[in-house]
Amino acid sequence: MSVSRTRAALLAGLAAAALLSAHPAAAQPAQVRIEAGPLEPALLALAHQTGEQLLFSPDLVAGRRAPAVIGTFTAEQALSRLLAGSGILVHRAGPAVLVLKAKGGTATAAGPARALEAARPFAGEAGGAPPGAPPSQREPPPQTASTVSEIQVTGTHIRGAGSVASPLIVMDAEDLQRSGQATLAQAINLLPQNYSGENTEASVTTRANRLGNNLTFASGVNLRGLGPSATLVLVNGRRIAPSGNKGDFVDLSLIPTAAVERVEILLDGASAIYGSDAVAGVVNVILKRDFDGGELRIRGGAAPAGGAEEALAGLVLGRTWATGNLLAAVEVSAREPLAAAERDYTRSADLRRFGGSDFRSPSAYPGNILGLDPATGVSGPLWAVPRGQDGLGLRPTDFTRGDINLASLQQGVDMLPRQRLGSAYAAFRQEIGERHEVSGDASYTLRTADARIAASTTTLTVTGANPFFVSPVGAASHQIQYSFAGELPAPLSRSTAQSLTASLGARLSLPGRWGADAYAAFGQQIDSLVTEGLANTAILAEALGNVPDSAATAYSPSRDGWFNPFTGQPHNPAAVRAAIGSGFTHTRGRSRIEAGNLQLDGPLFELAGGEIKLAVGGNLREESFARIGTNFLSTGAPIPQAPVSGRRTVSAAFAEVLVPLAGPQNGRPGLRALELSGAVRFERYSDFGDTLNPKLGLAWTPFEGLRLRASWGESFRAPGLAELKSPQIFQALQFPSGSSARVLSLVLTGGNEGLQPETAETFTAGVDWRPAWAPGLRLSASWFETVFDNRIDRPVTQNLAGALLDTRFTPFVRRVQPATDAADLALVSALLDQPAADRIRGLNPVTAYGAVVDIRAVNTGGLTVSGLDIQASWTTRAFGGDLSLGLTGSQLLDYIQSLTPTSPGIELAGLATYPADLRLRATADWTRGPLSLGAAVNHLSGFDDAGGRPIDSHTTLDLQAKLAAPTGRFEGTTLSLFVRNVFDTPPPFYDNPFGYAFDPSNADIIGRFVAVQLTRRW
């Protein structure tokens, strides 16, 4: 793949402008005014005045005093004065993040118990201030504390590289708590750059999870809407095992929130740094390591409208010493289900009350007798089984032609599952002598979830062999469109997800300030799903009298009774209902990853602009995926599912270089700093051969507070093992066809061994500005573009409701009429005879199907996504306290998809079920002494549906309050109140063909939610 001329010209132009511009070189100080007094309040004031984030343990600063510092300083210069003679070291952990630690420890950003910062979550993009501001002329510099920059930031392998040319967002534990969310996954869903339409809990039952890969109600990340498999999730910089029944995304909800130190989100492709999967970006979850003391967190919350009550408790204990530390964390949580009946916009598929359509289905209880419409020649419901009667003694005259029963498929369904979670995490670090360090960590999480799902539906064939048979027209047999919602409880889906991770690493300090890092890591996730209460078609056929009493089943109609499909209210014997509803499926999948990594990094030599730094290394990992299962749906006894297994080995070699062309030593007018970075990664796949992915970055600081940056790179993703190896399976689904008609379709899903890798080219350009005339103000903007080629996707699942209506899907859809066309009858019969149809064989008559739809993964033509991110934050003194304002947003300019290599691109941005054109989150926080107040406004732009009808925008308000206990017995105790969606603003109405009155891809289903949290630190 080659760089386009436009993008290459832009990158070259930025470099040329940096070298030729002529603005005066300047430092980036801030106005600092700190009076002499206790050290901790002084650090708090410094954080707000400089906009830097300061991380430290309360014990480190307890009882210490600070001198007065007044003047114009960078954060490091001010800290040098505040900490003079204290023995406290200052470590730059990343852009705008400084860590304070006692002398004698290892520089690390992990583990401080206190975070002081000037902005709310997502308020600023971590671009970092350009270094090198001169000291104030007010007084000579006093004795300074050591400043060390050896922390590795997400997006680079080079320690001490500081900020990277790619846009990076950093959130710490305080940010996550201020978001008002209980879990890490929920907090990241607030990020405007993340599209939460897939792989979330709510996406499962609302059918927003179009890929069907989230059977355990997991929560993934989907940066830019490029798909969960395009975002690489790391924990402590290392890969972990993926989840889902296809093993293609990481479940963030399994990471214990109590153990999270910070999260770094790289909004750029990074295959050259981290390898395959890092196409849309990287989410690196850094867990706590350095922590001295304890923290207990207890939280409870509920929705006033009912459902989704939650409770959480977490405990963190840590111990540090001069050469190491030990930490342990545990967390347990529980959440009750949210039923569809508890929200007006989900309780019924009849959306006429909102001005929409009636999407209720004729697959109902009571059922509907089908007949051939002489006007259209199409079979459809003509007579409703009368309601409110027991099905005994019905006469032909009891049926009225044209009277149809309709039912909402979400009847009895849980929109969110009942969930229980327990997790544990432990980590250690120990220096051995002056040059060696060993570290390790391990975690285990178990989550269980259960939810009621939609009832089984079918088309029954009933003949005179059934003792209750009656025909409105004297026919010998009839087909009845039927739902078991009236006779059987809603099926229960019970899932478990177990995650186990462990790693052991070592670092060796080498001569010349070089270092060697090595680690071995193991990750495994086991997902299990049992769905009970499904209809067994083999037993159903016996109960209807369509087949003789079979010795293969435990059911006998002569003993247990016959099934009566003509009841208008539940009346069938319990033994009959129990036998028919004894069907189940059980699936168990395991994803595993084993990896080893070796890296060397350090300075090469000095240029006029600073040291050239290099990182080189190699990585070897083995990925495996396996799935087994059992079905009891169409046979007299349970049968095994076709097993799935796959394994691949990936070996890699990588190199990265940072070249400071200009810096404090040789800065001149218009060229305060200029850094060029480059990376390349070679990977060899055991099943897909070799790939070479480069990346270039450029960062230019022309004058005070202004930083321009650009990056370009190529990315690569091999098909997932399950995408290749999963057996093909047929499903029976009903798709809309016209205003109210639904067509029963034979749907093919499963693996595709013909898949080829997908590739992408990514480009970003941005500016970070911290004007000297406005201390505490930060502004940032980033333009991005990702161009996929040969993208792996399942096109029809882009719009399942339009599978039979959207002409783009013509290559994947075949209309059939087996009732009137012999060729179609032979085709459908042959498909149903395949082992792939074991689950649905006998569920519907062959003649009931009207389409064959292929939703398997294929290599599509491509996808181009571009847009603009903005971030702004401002901190100041106001109303006797500290005020912080923040704004972050993402404007999507293009989301152009080509479903086949020859098809034209279609613009999808701003359409329902796709990412929004614009997402914004504005925040305000005010702190005075022990009291903190906060507010956040979330805005989602309007949409259009597939017919061009507008859908309103959505704006909600969140509030929070926090009160810290005074010094004394309860010191370290904080009480917090969070209210999400204060005005209980419902999601905007969308005439959703699936029968929900909103777009679940772009809206929260809970509504107003109130939570209280008690935190105790010591």
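**Close-up 1. Asp251 and Arg447 are both buried (under 20% relative accessible area, with a 1.4 Å probe and protein chains only).** Their side chains meet in a salt bridge, 2.6 Å from N to O; that term means a side-chain nitrogen of Lys or Arg within 4 Å of a carboxyl oxygen of Asp or Glu. The pair links distant parts of the chain, 196 residues apart: Asp251 sits in the loop between strand E12 (238-239) and strand E13 (260-266), and Arg447 in strand E23 (residues 436-452). Strands (E) are DSSP runs of at least two residues and helices (H or I) of at least four, numbered from the N terminus.

This is a predicted model: local features need pLDDT of at least 70, side-chain atom pairs count only at pLDDT 80 or more, and totals for chains, interfaces and linings use all residues. Residues are numbered from 1 along each chain as its sequence is written, and side-chain values use heavy atoms, leaving out hydrogens and water.

**Close-up 2. Lys962 pairs up with Glu174 in a salt bridge.** Their closest N and O atoms are 4.0 Å apart. Here 788 residues separate the partners, with Lys962 in strand E50 (residues 954-964) and Glu174 in helix H5 (residues 173-178).

Close-up 3. Elsewhere, salt bridges with shared partners join Arg621, Glu623, Arg648, Arg681, Glu683 and Asp687 into one network. The salt bridge count comes to 48.

Technical notes. Buried means under 20% relative accessible area, exposed over 50%, partly exposed in between (1.4 Å probe, protein chains only).
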